[in-house]
Each structure stands twice: as structure tokens, then as C-alpha cells.
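Please take a moment to look over the sequence and the structure shown here before reading on.

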Amino acid sequence: MHRRTLLQLLCGVPILSQLGGCRGVAHRGAPKNPDESVLVIGAGVAGLGAAERLQERGYRNITVLEARERIGGRVWTSTAWEQPVDLGASWIHGPRRNPITRLAREAGVEMRPTDFDDTILYGPTGAVLSEDDQRRLSRLERQAYSALGSRAGRDAPSLADRLAQSLEDLSPDDQAMVDYLIHASIEQSFAEDVANLDAGALEFGKEFGGGDVLFPGGYASVFAPRFAELDIRTGHVVASVTWGSDGVVVTTNRGAFPADRVILTLPLGVLKQEAVAFDPPLPEAKQAAIRAMGLGCLNKLYLQFPETFWPTDVEGFSYLAPVTGRWSQWLNLSVYAETPILLAFNAGSFARETEAWSDDDVVGEAMSVLRRLFGRSIPEPTGFQRTRWASDVFSYGSYSALSSGVDEATVHALGAPVSDRLFFAGEATSTDYPSTVHGAYLSGQREAERLIEI
């Protein structure tokens with residue numbers, strides 16, 4: 001569940017509290033062409049950040065086109081229950097000097113810290129892990145992170161291969177514990193199996209300082225009031241982008257929109273699916289970057305109960321499942337919002353697999369794990385909410401992941417402008433803060449400033 005702070009500490013990568021992701025985002029002189037028409041494709045956090053920066057800098061003709069009937073993109077707060085729950089992003093990872101922290105404070109939104117070490121670990125039988133096993137787990141954890149902190153194996157084909165090279169001759173029980181550790185701290189964070197991650201994935205990017213905070217009232221409350229004055233048109237599904245030296249025409253299901261310039265914040269998954277036609281086609285270097293970048297999947301299942309039956313003095317539960325990665329990470333929302341709700345996370349290939357399952361099968365398997373941990377007499381849930389991010393036609397995944405062979409040059413190619421007409425933003429284009437909300441926001445501001453300087 002933890003983004004990357006613990007991993008980077010253990011691997012010896014410095015946590016940066018300075019605003020490193022703002023390179024190229026600082027305000028410059030007055031814009032040269034404030035009357036130019038600019039289309040921003042996507043009202044996710046990157047698109048909102050871009051439109052806001054253009055507006056702040058004096059641009060008067062900005063239109064945001066959004067396919068969904070809401071803003072926020074992969075920041076998505078459900079209000080189906082009395083207690084709001086986040087179906088997309090949940091945390092600010094590293095709140096110190098983080099731009100999202102500033103936005104939250106300006107919006108007066110409550111933030112609550114999360115301690116990922118405040119958890120109970122249950123073994124495969126459902127019993128709390130014994131003291132002997134906890135000591136063994138701690139020993140293996142030190143061994144695993146020592147191996148990851150060394151330079152050995154960084155040229156391996158994948159992170160899984162790097163681990164296999166560094167951790168040899170483990171007993172089956174020790175290997176199961178290491179598999180759990182790697183899943184809990186890496187695969188849950190990157191939303192992808194280690195077999196699909198580049199061996200150097202842990203060394204990529206930066207961190208703001210501090211821990212992690214979430215929003216009991218929902219992440220969307222940070223953004224909804226702030227961008228009320230922008231011209232945002234929802235329900236516009238982009239079909240094609242025609243561009244040339246004389247401008248751009250974006251065609252949606254509701255008509256054609258000419259503009260001088262366009263900032264595209266289409267999620268990586270939409271670009272991979274070639275859901276939008278470009279005429280002329282995008283340069284081969286950008287198409288290659290789109291193909292090369294990985295795309296993770298992290299799905300959530302919220303279960304609401306008539307009462308709490310689990311320990312309420314800890315923030316989460318972890319389960320060393322017989323099959324690694326199945327229902328292993330749980331968050332106790334009663335700590336943050338005093339409501340009897342549990343949240344389960346599934347990541348990578350198993351998360352994608354469950355998207356084809358029926359609601360009854362998903363809830364049923366989750367409940368079988370809870371009964372193993374807390375007894376067969378626990379009540380049935382009174383409600384549930386689940387996500388299917390890999391099947392969402394406006395995202396096709398949760399966030400980018402560094403697949404084998406991807407490096408900083410790949411990410412730069414993904415975010416490079418095309419001519420002086422098309423500009424590309426989104427968390428996947430951030431070399432400093434990929435896969436995060438603040439990375440998306442800063443990338444939008446980066447491209448707005450790049451456009452202004454044309």
C-alpha cells in the first residue's frame with residue numbers, strides 16, 4: 001500500500017523535500033499570445049493543472065474537454081454511501097512542500113496521516129503471525145532490502161530476475177515470506193507484478209518528504225471547488241486530433257473544436273489502445289514510448305458492515321495468503337472516519353484477473369478471507385463498492401509502471417511536444433514523480449509553461 005518512501009529509504013535513495021518536480025514550471029514573463037485558443041484534453045488532475053496555470057498566466061480562451069461526466073479522472077470519490085470513499089487515488093505521498101498539500105489546505109480539506117507500520121499481520125491459517133515467525137520475517141526483510149539496496153542485478157531483465165539473483169537457496173517457507181514482502185511493499189505500490197517491472201524501477205523518480213496522508217472526506221473535495229470557474233465540458237469523448245502548421249482540430253462525439261494549440265492529458269492506457277486517431281500520426285519515437293511504458297492495475301473493494309468486528313486500534317491488516325497477493329492488504333477506515341468499512345487492495349495480474357469475476361465472486365472470496373481472520377460468525381456486508389480500472393475505457397489501468405527496458409529517455413519521449421501544436425502531460429510523462437497525483441498536477445503545469453513560451 002505504501003507508495004515508495006519505505007522502499008527508497010531501505011534502498012539508500014534520498015528522499016527529496018525540495019520542489020524537484022517543478023523544473024520548467026516556474027512563472028516567467030508575460031505570455032506572448034494570451035488570445036490564442038487552447039484546448040485541454042482531459043479534466044483529470046494533469047488537465048486541471050494545465051488549465052489553471054494558463055488561466056493564471058492570462059490566457060483568455062481555454063476550453064477543457066472531458067470524456068467522463070465528472071472531473072478528476074483517476075481521482076474519483078464515490079458518494080454512494082453516507083461516508084465518501086475514494087475509488088481512485090487515496091493519498092498524498094510525501095506531503096512536505098507537495099503542491100497537493102497546498103491545494104488541500106487552501107480548500108480547507110481535512111487530512112489524516114497514515115502509518116503503514118500500524119498493522120496486524122496474519123499468517124496463512126488466519127492466526128496472528130507468531131513472534132518467532134515475525135522475527136524470521138524481519139530477518140528476511142533486512143536480507144531482501146539489503147539485496148535491493150546493492151547495485152547487483154540492476155542489469156537483469158526484470159525486478160523479479162534481480163531479486164532471484166540476489167536471494168538464492170531460500171527454503172519454501174522463507175520464499176513465501178519474501179514473496180509476501182515483495183508483494184506488499186513493491187507490487188502494491190507499483191500496481192504491477194515484479195516480473196513486469198524494470199530491474200531499476202526502485203531507483204526511478206523522487207519523493208517529497210514526510211509520510212502519507214489521506215482525506216476522510218474524499219480526495220475530490222480538494223479539486224471540485226477550485227476549478228469551478230474553468231470552462232470544462234464533460235461528456236466529450238475525443239475521437240481524433242488533426243494537426244498541422246495552421247492549428248489543430250479535435251473531434252469529439254459532440255462536434256469539432258478548432259484551436260491554436262492543444263494540451264493532451266490522455267491517460268497512458270488510452271494512448272496504448274489507440275482510442276484517439278492522430279492525423280498525421282504521432283512521431284515514431286512517441287509511439288515507441290507509448291508501446292514501451294508499462295501500465296499497472298490497483299483495484300479496490302470496499303465492504304461496509306453493520307458494525308466493526310475487527311481490531312479498531314490499528315490502521316490495517318496484512319495477510320500472508322497461501323497464494324501470494326490474493327487479498328493480502330486491508331485498510332481499516334474506522335480509524336479515519338469512525339465508520340465500519342474495510343478496504344481491500346489487489347494489484348497487478350490478480351487485480352486484472354478479478355475484473356472478469358462477478359460481484360458475488362469478488363465479495364465472496366474477500367469474505368472468505370475475513371472469516372479466516374476473524375471467525376465464521378462475522379456479519380455479511382451491508383454494501384460494497386469495487387473498481388475495475390483495467391476495464392475502464394477512459395483509463396485502461398490505474399497508473400504507469402516502469403516495464404523492462406524503460407528509462408528516463410522513454411518518459412521524456414512520451415512527454416515531448418509534437419511540433420508547436422500538441423503538448424503532452426499526465427503522470428506517465430513525469431520523470432520525477434510518476435504514478436502520483438502530484439506528478440500529474442505538476443506535469444500539467446509544466447506543459448502549460450512550455451506552451452506559453454512558444
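What follows goes from the overall chain to one residue, Gln385.

## Overall form

This is a predicted model, and in it the chain has 13 helices and 22 strands. Along its principal axes, the C-alpha trace spans about 70 × 50 × 40 Å. Because a compact globule with 454 residues would have a radius of gyration near 22 Å, the 22 Å found for the chain agrees with that expectation.

## Burial, contacts and surface

Of the 454 residues in the chain, 59% are buried. When contacts between residues at least 6 apart in sequence are considered, 76% of them join residues at least 24 apart.

The accessible surface of the chain amounts to about 18,000 Å², and carbon and sulfur atoms account for 49% of that surface. As for charge, the chain carries 42 positive and 58 negative side chains, with the centres of the two sets lying 5 Å apart.

Gln385 belongs to strand 20, which covers residues 383-386. The relative accessibility of Gln385 is 10%, and since buried means under 20%, Gln385 counts as buried.

Leaving aside residues up to four places away in sequence, Gln385 touches Ser78, Ala80, Trp81, Val85 and Leu87, together with Lys300, Leu301 and Tyr302. With one of these residues, Ser78, the side chain of Gln385 forms a polar contact of 2.6 Å through the side chain of Ser78.

Technical notes. Residues numbered from 1 in each chain as written. Predicted model: local features only at pLDDT ≥ 70, side-chain atom pairs only at ≥ 80, totals over all residues. Heavy atoms only, no water. Helix = DSSP H or I, 4+ residues; strand = E, 2+ residues; numbered from the N terminus. Rg over C-alpha atoms; globule rule 2.2 N^0.38 Å. Buried < 20%, exposed > 50% of the residue type's maximum accessible area, 1.4 Å probe, protein only. Contact = heavy atoms within 4.5 Å. Areas by Shrake-Rupley, 256 points an atom, 1.4 Å probe, with all protein chains shown as cover. Lys, Arg positive; Asp, Glu negative; His and termini not counted. Charge placed at Lys NZ, Arg CZ, Asp CG, Glu CD. Polar contact = N/O pair within 3.5 Å; in protein donor to acceptor, adjacent residues only side chain to side chain.
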